[in-house]
Amino acid sequence: MTLLTTVFAAIISTVIWYKGAPDSKMQVGALCWMYWGASLMWFIDAVFEYAELGAEYFAPAPLEMLNDLYLGLSVVALGLIIWLIILLVKDPKGVVKAALFRKK
């Protein structure tokens with residue numbers, strides 16, 4: 001489930017990035033790289049786990065699947081948090097700078 005969750009997040013973020021590709025103001029490319037990196041990590045983990053378990057790998061317990069889903073969603077949420085931090089630091093539209101230096 002972790003692999004599936006991160007692959008879906010990577011595909012969705014890649015489609016969003018591709019729609020606005022020439023204008024990458026929102027730093028969605030960084031989000032794509034994070035999700036594709038996580039997907040690669042989970043894929044390698046799945047290959048090694050399959051090598052260890054064999055056919056049992058395809059019949060996980062429901063509780064194990066739920067734990068994997070929570071872990072996958074946590075990775076997606078952490079990626080979004082890191083992306084927001086990158087976005088706030090780079091401030092491509094100048095919104096943070098304008099809010100900080102607004103005269104009252």
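Predicted model: local features only at pLDDT ≥ 70, side-chain atom pairs only at ≥ 80, totals over all residues.
## Helix packing, a core and a pocket

Visitor: Fine. Which residues of helix 1 are buried?

Guide: Thr2, Thr5, Thr6, Ala9, Ala10 and Ser13. They sit on the same side of helix 1, because they cover an arc of only 130 degrees around the axis.

Visitor: Why would residues spaced like that point the same way?

Guide: An α-helix has 3.6 residues a turn, so residues three or four places apart point the same way.

Visitor: And which exposed residues are on the face turned away?

Guide: Ile12, Tyr18 and Lys19 are exposed there, on the face of helix 1 turned away from its buried side.

Visitor: Take Thr2. Buried or exposed, and why?

Guide: Thr2 counts as buried because its relative accessibility is 8%, and the cut-off for buried is under 20%. Leaving aside neighbours within four places in sequence, Thr2 is in contact with Trp42, Asp68, Leu71 and Gly72.

Visitor: What span should helix 1 have?

Guide: Helix 1 has 18 residues, which should span 26 Å at 1.5 Å a residue. Its end C-alpha atoms are 26 Å apart, so the two agree.

Visitor: Now helix 3. How many residues, and what reach?

Guide: Helix 3 has 29 residues. From first C-alpha to last it reaches 42 Å, close to the 42 Å expected.

Visitor: Which of its residues are buried, in helix 3?

Guide: Gly72, Val76, Gly79, Trp83 and Leu87. Their cover includes helix 1 and helix 2.

Visitor: Switching to the core. Which residues make up the largest nonpolar core?

Guide: There are 9 in all: Ala9, Ala10, Val28, Leu31, Cys32, Tyr35, Val76, Trp83 and Leu87. Helix 1, helix 2 and helix 3 each supply at least two residues of this core.

Visitor: Which helix gives the most to this core?

Guide: Helix 2, with 4 residues.

Visitor: I like Tyr35. What is it in contact with?

Guide: Leaving aside neighbours within four places in sequence, Tyr35 is in contact with Thr6, Ala9, Ala10 and Ser13, and also with Val75, Val76, Gly79 and Leu80.

Visitor: Next, the largest pocket. How much space lies in it?

Guide: About 360 Å³. It is lined by 18 residues, and the closest to its centre are Met1, Glu49, Tyr57, Pro60 and Asp68.

Visitor: Which elements give two or more residues to that lining?

Guide: Helix 1, helix 2 and helix 3. Helix 2 gives the most to the lining, with 5 residues.

Visitor: Is Asp91 buried or exposed?

Guide: Buried, with a relative accessible area of 17%.

Notes
Residues numbered from 1 in each chain as written. Heavy atoms only, no water. Buried < 20%, exposed > 50% of the residue type's maximum accessible area, 1.4 Å probe, protein only. Contact = heavy atoms within 4.5 Å. Expected span 1.5 Å × (residues − 1). Arc of directions from axis to C-beta. Core = buried A, V, L, I, M, F, W, Y, C linked by side-chain atoms within 4.5 Å. 1 Å grid on protein atoms, 1.4 Å probe; cavity = no way out; pocket = protein on both sides within 12 Å on 5 of 7 lines; lining within 4 Å. Points joined across faces, edges and corners; volume = space filled by probe spheres on them.
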